Each structure stands twice: as C-alpha cells, then as structure tokens.
Amino acid sequence: MMRFSPSLVIADLDGTMLHDADTFEGRFLSNETVKAAKRLRENGIPLAIITARPVGSAFDFIHDLNAQVCAYLNGALIDFDCANSTISELTSQREINTLLRFGFDSKHACDVCLRLLSEIPTLRLGIVMNDVRYTNFDVRMLWSKQDFVITDFSNVPRGTADKIIIVPRDSEKEQLQRILPDDFSLHISEDVLWMLTNPLANKGHALNVICDRLGVKPSRTVVFGDDIIDIDMFRAGGYGVAVANSNPRLLAIADEVCDSNNDDGVAQWLNSNLFTRL
C-alpha cells in the first residue's frame, strides 16, 4: 500500500488509460477517466503522460486529460506546456523553450535503415520525423489515419528524427536482433512494433527529466502502465501501479495491481486510494 501523498501522477495511454477497440484509432478515454484527471487538477496534483504515441495520435487525449506535461514517442519529445502547445509547433523543427527533444540525425537514420535492409531485404521499416512516417511499407496495416510517405530512404528530409520503426515478421526477428545498431535503444510495443531511439528517449529518462523540471522527487510519484516499455518508468518512479491486463514482466515489479484498462483501473485506483486522502 502506498504510504505517501504523491506530488505527481504519471501514466501511459495505450492499454493503461485508453479503452481497447477493434482499431488503433478507435481506442478511447472513458468519462470516468476524464473525470478522475479533472479531480487531479482540482486538487493541485500535476498529471504527466508518457506515451509511445506521436503527437498526432495523442494530442487530443492529452488535452482531454488536462495533462500538464506529455512525453511523446517514449520521451523523444517532451512538452512542458500542454495547455498552450499546438500540433504545428510540436511537429516542427523549431526550438521552443518548453520543448525538449532527444532524437538523432535523419541522415544517420537513413543509413541505418539501408544497412538493415541490406541484411534483411524484406524488412518493413521507416523513420518517424515531424509526425510523418517515411517508410518502405503501407503503415495502414497498423494505423489507418497516420501520415506516411513511401520511400527508399533517398528522399527523407534532413532534420532531427524521433525514432526508427520496424514491423518484423516472426521469421526475421532473430536475425534482426543480431544486427541492430549499438548506438540506439530498442523498445518493443505490444509485441508488434519495434522502435529504435536515442538512448535517452526512454520512459525512465523522461520521468526523471519531468520530475527535475517540475521540482518533484521521483520517489514522490505514482506511475501507471501496462507494457514492457513501461518498466523503465516503474523503476525510476516512486510507486508503480500496473493495470490487470499488463505484461507479466511489468506485473512482476509492480507495487500494486489495479483493474484493467477496460474497467477504468487507473480512475478507480485514483478514486479509492488518492482522492480519499485529500
């Protein structure tokens, strides 16, 4: 049982706060979850979202939740002014003092993609930059409404890329694991999407950066998640609450387990364990 009053609540979106749906785009926030987030704000407890989602597919959820901070793309882009930020600002290369970026040069990303393809010519992969996916496959197999450009990696614009995405077939995974570049970190989401990122673009680092900026001790945070990529922020945070539908590896390190995402587990936990203390 948690023995402190948190100074910050941190949560993942998919599989944690969002209800499941037949399609990625159909996932949604329940009224119960939105109301719980509103109560956090009314009680002066900041809410930070740390999600693998890019800006375009997370932005509306962030605003519905009245989150003060959001780390998109597993922490590649951290927005400290969610209430006033616009999508165009977040998806540009502009330097803004309320944004932090932890990416890598798009030319280097192209070189990595071409090297991987030279080893596994059938590999489905691409580069995410400015909320556009430059890929060698049709991303509508995963996301029906995401912007993408089919490329052979000779025409990707120069700039700071956020991540390399890979959708490996089962027969490709073992070889892919052996040839991944050393200067990137690997994150796997829902056992489908592999993501190569700047080593600093991970949820644990994002949690520490957010706490430092807000003047909050990581030990005074409550963290909600469901997947393997949430392990880093559970280890960095103070008290980890896993939803019941979580990956077994996250359940194994959680301080507590709440109801599933489809049963509004996060909202129910906040109502039962946090608001009763205030």
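**Close-up 1. Helices H1 and H9 meet through residues on both sides of their contact.** In this predicted model, Glu 32, Thr 33, Ala 36, Arg 39 and Leu 40 are what H1 brings to the contact. Facing them from H9 are Ala 267, Gln 268, Leu 270, Asn 271 and Leu 274.

**Close-up 2. How H1 and H9 cross.** Here's the geometry behind that contact. H1 covers residues 31-42 and H9 covers residues 265-274. The two helices pack at an angle of about 40°, and their axes lie 8 Å apart. H1 and H9 are therefore oblique to each other. As for handedness, the crossing of H1 and H9 is left-handed.

**Close-up 3. Ser 260, in the loop that leads from strand E16 to H9.** Strand E16 spans 256-258, and Ser 260 sits in the loop between that strand and H9. Is Ser 260 buried or exposed? With a relative accessible area of 14%, Ser 260 falls below the 20% cut-off, so Ser 260 counts as buried. Leave out residues up to four places away in sequence, and Ser 260 touches Val 243, Ala 244, Asn 245 and Gly 265.

**Close-up 4. Strand E13 is largely enclosed by the rest of the structure.** E13 takes in residues 193-197, and five of its five residues are buried, so the strand is largely enclosed. Leu 193, Met 195 and Thr 197 point one way from E13, while Trp 194 and Leu 196 point the other way. Whichever way they point, all of these side chains belong to buried residues.

**Close-up 5. E13 and its pairings with E11 and E12.** Take E11 to begin with: this strand, residues 163-166, pairs with E13 in the antiparallel sense over three bridges. Look for Ile 166, whose bridge partner in E13 is Trp 194. E12, residues 185-189, also runs antiparallel to E13, and five bridges join the two. Ser 185 has Thr 197 as its bridge partner in E13.

**Close-up 6. The turn of the E12 and E13 hairpin.** Three residues lie between the strands in this hairpin. Which residue takes a positive phi here? That's Glu 190, with a phi near 55°.

Conventions: Residues are numbered from 1 along each chain as its sequence is written. This is a predicted model: local features need pLDDT of at least 70, side-chain atom pairs count only at pLDDT 80 or more; totals for chains, interfaces and linings use all residues. Side-chain values use heavy atoms; hydrogens and water are left out. Axes are lines fitted to C-alpha atoms, for helices over the stretch in contact, and angles run from 0 to 180 degrees between N-to-C directions. Helices (H or I, at least four residues) and strands (E, at least two) are DSSP runs, numbered from the N terminus. Angles under 35 degrees count as roughly parallel, over 145 as roughly antiparallel, 65 to 115 as roughly perpendicular and the rest as oblique. A crossing is left-handed if the near helix is turned anticlockwise from the far one by less than a right angle, and right-handed if clockwise. Contact means heavy atoms within 4.5 Å. Buried means under 20% relative accessible area, exposed over 50%, partly exposed in between (1.4 Å probe, protein chains only). Two strands pair if DSSP finds at least two bridges between them.
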